Number of protein chains: 2
Amino acid sequence: MPFSQPLPLQSGAAIRDYALSYETYGQLNADKSNAVLICHALNASHHVAGVYEGQPRSEGWWDNMIGPGKPVDTDRFFVVGVNNLGSCFGSTGPMHVNPDTGRVYGADFPVVTVEDWVDAQARLLDALGIRQLAAVMGGSLGGMQALCWSLRYPERVRHAVVVASAPNLNAENIAFNEVARRAIVTDPDFHGGHFYAQGVVPKRGLRIARMIGHITYLSDDVMNEKFGRQLREGIDLKYSTQDIEFQIESYLRYQGDKFSEYFDANTYLLITRALDYFDPARAHCGNLAQALAQTQAKFLLVSFTTDWRFAPARSREIVQALLDNKRAVTYAEIDAPHGHDAFLLDDARYLNVVRAYFARIAAEGAVA
Amino acid sequence: MPFSQPLPLQSGAAIRDYALSYETYGQLNADKSNAVLICHALNASHHVAGVYEGQPRSEGWWDNMIGPGKPVDTDRFFVVGVNNLGSCFGSTGPMHVNPDTGRVYGADFPVVTVEDWVDAQARLLDALGIRQLAAVMGGSLGGMQALCWSLRYPERVRHAVVVASAPNLNAENIAFNEVARRAIVTDPDFHGGHFYAQGVVPKRGLRIARMIGHITYLSDDVMNEKFGRQLREGIDLKYSTQDIEFQIESYLRYQGDKFSEYFDANTYLLITRALDYFDPARAHCGNLAQALAQTQAKFLLVSFTTDWRFAPARSREIVQALLDNKRAVTYAEIDAPHGHDAFLLDDARYLNVVRAYFARIAAEGAVA
């Protein structure tokens, strides 16, 4: 959907003549009260559920969660998936032409924040005629957007579902983002972010960034269980520093290669920066409870015990700050082995918690 | 010290006409019973203690631990520091000439293992006339060498001091090593490991490798305390993906830059591979107790609660396997906040444990 009106950004800049890609699932009811907005994390898009016709392997990234009869039941809810500004899956991003210069944005794409994304999403909902969301939901960086919605548009959010998220990044999180960014930026094929014109892609940097990411998505336990010290071939060591020796190396290289084929390097920088910057307590001298005082929504928070990227303690900070404000909060800490990745995986307890919560939203009566 | 006799390696290859750099501290006693061998980790050398004349900032890397009146008291013990084969601080390494070809080794330097290092160290001790060590000691990868000594030369080790170490790397450890290696190997300035002839250094890759390393050396807690979300300058955000915004970014970039100025890229590959390969239980179908049955030494193990690189649980595996063999084991788990780095830092409890242990060794009477 094209937007001609300039969107003012947190940085002071603005972006004009941009478009947002989105998909919808289910039917918006007569009083437009059953809309659920799904916010994505780093490597995802507006395609949250279902498959495209004739493309059996094109499942949406949250297809186990969203669909007819699924925890977020599209027989009851009107679900909206949207690709964020600066991403590389259809919405306006660094690979598109800057209307001010007539040249591809590249590194000149404005730095966008979680707040900017939420503002852009709000305009999309305006265009769809949705004044209030039954729920806004996301995992990881998507959870930050859900939390941000409850702060920025309190009256437009009845429920915020914040999964495997945090009220801000800690130093270690920022550190991993920074290493990934340095790997991309120092790749000679990055060309200061204007690699499109050179006909190259900084794949080396993207590979390294993705490998680092994958390590932080998995728990120590699941890595040891899935890969351990297993050799890739046979039982004899090759004694090589560059050949693949262990299964875990093979897995990481594969993930890195795959990612570098489709993900945009400038998008990677933008999205990790948005993660770094998100910090609603910042304007309140670090007092999260004070920051969350303006929320009006009810909340579901979910965390996973082995998630060391966004540990349960970080979700509990949000829960505590909401309780300090006497908000209605449901909190589930799922004892899952899969680390941060768990929020995308099938875990019956997790899916049932979300299912029960959305059943409650439906039962509130505002949903047809 | 030069060695002309070829050293057979675990890989089946051999290395000939190599030299080991070493330093000694204190006096070897008459019956040569007071020798302590110090083994280094990734980024260290034979210069374990003291300062070089006229170079006040040249403290040895374990200077807080080793010296006159220090926990490893060089008034009592004859301490030997040795730089390992393949390293870049004086001993024969990839930057030296291969006598078989007359060309610099580069990527052709043979892959060396912890076992190979220990064998080379044993030859150095032979040359110094030391038949038995009062103790062999090391932290991290150095601890693996100490453990390996107790297995490979059981009768030559009275005490093994294994600090912040592990019986092998787990999948996550290998994963971090692999990302670092890929960053180096895919740097265009690596030239397949033969960059010396090109007059360049793969600094980009070394920087990334070091940044990743530093993240894993520090605990989450100490990172949050030291850096947190502190901005580098002022209180206003710059909204930039490439400029330094947070203090932690500044710290990591500085560490990466510094490292890339002096460390050898091929050495980085070799040493991380030696880490990956070390696994004494491997020949015993993963049974560590069985592997450690051949030890004769007494042991001190030390771990640090916030070390997530080599977590206390990994030290406890060694302790348990030694107890299963009814070996004499002292184990201290120090509640230090500094993560893996703690083994190099001043912590009175830690230093006192080591001091008391070495006082006991001295009191055994074999030491003058």
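User: What makes a contact a salt bridge?

Analyst: A salt bridge is a side-chain nitrogen of Lys or Arg within 4 Å of a carboxyl oxygen of Asp or Glu. The structure here is a predicted model.

User: Why is the pair Arg273(B) and Glu249(A) called a salt bridge?

Analyst: The closest N and O atoms of Arg273(B) and Glu249(A) are 2.7 Å apart. The cut-off is 4 Å, so the pair qualifies. By this rule, eight salt bridges cross the interface of chain A and chain B. Polar contacts between the two chains come to 30 residue pairs, both residues being at pLDDT 80 or more. Helices α3, α4, α5, α6 and α7 of chain A each supply at least two residues of the side that touches chain B. The largest share of that side, 11 residues, comes from α3(A).

User: How many residues take part in the contact, and what area do chain A and chain B bury between them?

Analyst: Chain A gives 60 residues and chain B gives 60 residues. Together the chains bury about 5,000 Å², with 62% of it on carbon and sulfur atoms. Arg229(A), Tyr239(A) and Thr241(A) supply 15% of the area that chain A buries against chain B, more than any other three residues.

User: How do you know how chain A and chain B are related?

Analyst: Chain A is superposed on chain B by a rotation of 180° with 0.0 Å of shift along the axis, at an RMSD of 0.0 Å. The two copies are therefore related as by a two-fold rotation axis. The same surface serves both copies, since 100% of the contact residues of chain A recur in chain B.

User: What makes α4(A) mostly covered?

Analyst: In α4(A), 12 of the 15 residues are buried, among them Leu206(A), Ile208(A), Met211(A) and Tyr217(A). The cover includes α3, α5, α6 and α7 of chain A, together with α3 and α4 of chain B.

User: Why is Thr92(A) called buried?

Analyst: Thr92(A) has a relative accessible area of 9%. Buried means under 20%, so Thr92(A) is buried. Thr92(A) sits in the loop between β9 and α1 of chain A.

User: What does the side chain of Thr92(A) reach?

Analyst: The side chain reaches the backbone nitrogen of Ala19(A) at 2.7 Å. Leaving aside neighbours within four places in sequence, the residues in contact with Thr92(A) include Ile15(A), Tyr18(A), Leu85(A) and Phe109(A).

Definitions and conventions: Residues are numbered from 1 along each chain as its sequence is written. Chains are lettered from A and ligands numbered from 1 in the order in which they are written. This is a predicted model: local features need pLDDT of at least 70, side-chain atom pairs count only at pLDDT 80 or more; totals for chains, interfaces and linings use all residues. Side-chain values use heavy atoms; hydrogens and water are left out. Copies are superposed by least squares on the C-alpha atoms of residues with pLDDT of at least 70 in both. Contact means heavy atoms within 4.5 Å. Buried means under 20% relative accessible area, exposed over 50%, partly exposed in between (1.4 Å probe, protein chains only). Helices (H or I, at least four residues) and strands (E, at least two) are DSSP runs, numbered from the N terminus. A polar contact is a pair of N or O atoms within 3.5 Å; within protein, one must be able to donate a hydrogen and the other to accept it, and residues adjacent in sequence count only if both atoms are side-chain atoms. Buried area is the accessible area (1.4 Å probe) that two parts lose on being put together, summed over both.
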